[in-house]
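Hi everyone, thanks for coming.

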Amino acid sequence: MLRLPKFELRTPTSLEQALELLAEAGPSALVVAGGTDLVPNMKHELFTPELVVSLAGIAELRGIQRDREGALVIGAMTSLEEVAASELVRAQAPALAQACSLVAGPQLRTMGTLGGNVMLDTRCQWYNQTYFWRKALGFCMKKDGELCHVVAGGKNCVAAASNDSAPALMTLGAALEFESMTGARTTPIDELWLADGIRNKKVEHGEILTRVRVPATGAGHRGAYGKLRDRGSIDFPLLGVAVRLELDAGQRIERADIVVTALAAQPKRIAKLADALHGVAIDSEDFERACESAAQLAYKQCRPLPNIPGDHEYRREMVPVYVRRTLRAAAARSGPVHHM
Ligand SMILES: Cc1cc2nc3c(=O)[nH]c(=O)nc-3n(C[C@H](O)[C@H](O)[C@H](O)COP(=O)(O)OP(=O)(O)OC[C@H]3O[C@@H](n4cnc5c(N)ncnc54)[C@H](O)[C@@H]3O)c2cc1C
Ligand code: SF4
């Protein structure tokens, strides 16, 4: 049985108290939300904080509301289950509701939060292992060592962004609100990422993600999420595909966006979709041809690495399959794409 190392736990009831605790303790402190990723990582000695500051008692970080402009404002401590089940989110941001509904399994979605999902550490099959296992292999650059087992002689860690909500939030143009003792800032989620698997987010120590803001969408909005994983009931993505379509009154595609994840350190937006999809009516025969063109574009642009479990060549072959299926699902509003 893996045991947790010793640490101090503090349970503030206000954001201000939490920020003060983090600022006082410095880099030896971490926040815990639902703990569904932090706790296993602590057991694996990947994270070894002296102080853990729980956000569970801070009521102001929970809940889903719509602001005056119609944007969804989702508290970072809102559970994934609540986001997935919310009528507001399902209507206005279907790709996000679907992505959250496919994270892990029911117990983990009840404990796990949207904020914890956005802030999730990258994953690698050589990293998400016990201390004993990692030591036997001479560790790796991301923790305790100097090698990379994925790219021989590699100078950059390529551990994979594996948070299902991230690509959906990117297609939705979401903004993230952070607070620290030095003030508040808002950043578009597109600008959160770094191409570095060791630390793939531009976030300073002492900053807490407080809210996720998803701009309003209109009647022509369509979105869907597709996820390849080993076990339909629980696993991290081997591939995640978020799709957004904006349709005009004649059901033609005015704007399209596809973001793919679980490839490398940051989610990847598929470029040059306009020629393939723009102007195509989703109820015409052209739509199938357009889906095929978009699928082939994604295939050319996505090269999964042997960083997470699952044969990377197989994961690459699945890119066009999941892009095609997720585009069709978005157009038909038929729900998430996954196998059971
Ligand atoms: C068996 C298993 C399967 C899983 N499958 C999936 C999956 O399919 N897809 C997926 O995306 N995830 C998966 N997860 C990971 C995890 O359950 C989810 O990502 C979950 O959303 C994490 O949220 P949490 O609230 O539990 O975060 P925590 O574990 O509490 O925190 C995660 C990280 O975020 C930081 N953090 C948390 N909240 C904040 C905040 N508000 N501000 C700043 N930093 C913060 C923490 O310090 C920590 O580094 C799985 C986990 C397990 C154990
Ligand atoms: S890609 Fe994997 S093996 Fe390579 S440094 Fe990163 S975590 Fe370690």
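Let me begin with a question: how many disulfides does the structure hold? The count is 0, where a disulfide is a pair of cysteine sulfur atoms within 2.5 Å. Buried here means under 20% relative accessible area, exposed means over 50%, and partly exposed is in between, with a 1.4 Å probe and protein chains only.

A word on what you are looking at. This is a predicted model, in which local features need pLDDT of at least 70 and side-chain atom pairs count only at pLDDT 80 or more, while totals for chains, interfaces and linings use all residues. Residues are numbered from 1 along each chain as its sequence is written, chains are lettered from A and ligands numbered from 1 in the order in which they are written, and side-chain values use heavy atoms, with hydrogens and water left out.

Now the overall layout. The domain assignment, which is an automatic or database one, gives domain 1 as 1–54, domain 2 as 61–119 + 160–214, and domain 3 as 221–331. Taken over C-alpha atoms, the centres of domain 1 and domain 3 are 36 Å apart.

Let's start with the surface. Leu4, Phe7 and Leu9 make up a nonpolar patch with about 250 Å² of accessible area together. Patches are built from residues with over 30% relative accessible area and no salt bridge, joining like charges within 9 Å and nonpolar side chains (Val, Leu, Ile, Met, Phe, Trp, Tyr) within 5 Å. The areas come from the Shrake-Rupley method with a 1.4 Å probe, and for residues only the protein chains shown count as cover. Leu4 sits in the segment before β1 (8–10), and at 38% relative accessibility Leu4 is partly exposed. When I say helix or strand, I mean DSSP runs numbered from the N terminus: H or I with at least four residues for helices, E with at least two for strands.

Next, some loops. Ser86 is in the loop between α3 (80–85) and α4 (87–92), and Ser86 is buried at 12%. What does the side chain of Ser86 reach? It reaches the backbone nitrogen of Val89, at 3.1 Å. That is a polar contact, meaning N or O atoms within 3.5 Å; within protein, one must be able to donate a hydrogen and the other to accept it, and residues adjacent in sequence count only if both atoms are side-chain atoms.

Asn163 lies in the loop between α8 (131–136) and α9 (165–171) and is buried at 1%. A polar atom of the Asn163 side chain is 3.0 Å from the backbone oxygen of Val118. Phe139 is found in the loop between α8 and α9 as well. Phe139 is buried at 15% and has a positive phi of about 55 degrees, although it is not a glycine. For context, most residues other than glycine have a negative phi. Gln251 also has a positive phi, near 65 degrees; Gln251 is in the loop between β10 (239–247) and β11 (253–261) and is partly exposed at 28%.

Finally, charges. Side chains of opposite charge can pair when their charged atoms come close. How many salt bridges does the count come to? The answer is 19, with a salt bridge being a side-chain nitrogen of Lys or Arg within 4 Å of a carboxyl oxygen of Asp or Glu.

One of them joins Arg109 and Glu81, with the closest N and O atoms 3.3 Å apart. Arg109 is in helix α6 (residues 106–111) and Glu81 in helix α3, so this pair ties together parts 28 residues apart in sequence. Arg109 is buried at 12%, whereas Glu81 is partly exposed at 33%.

Another pairs Arg213 with Glu177, at 2.9 Å from N to O. The pair links strand β8, which holds Arg213, to strand β6 (residues 175–180), which holds Glu177, across 36 residues.

My last pair is Arg324 and Glu292, at 2.7 Å from N to O. Arg324 is in helix α12 (residues 312–332) and Glu292 in helix α11 (residues 286–301), 32 residues apart. Elsewhere, salt bridges that share partners join Asp67, Glu177, Arg211 and Arg213 into one network.
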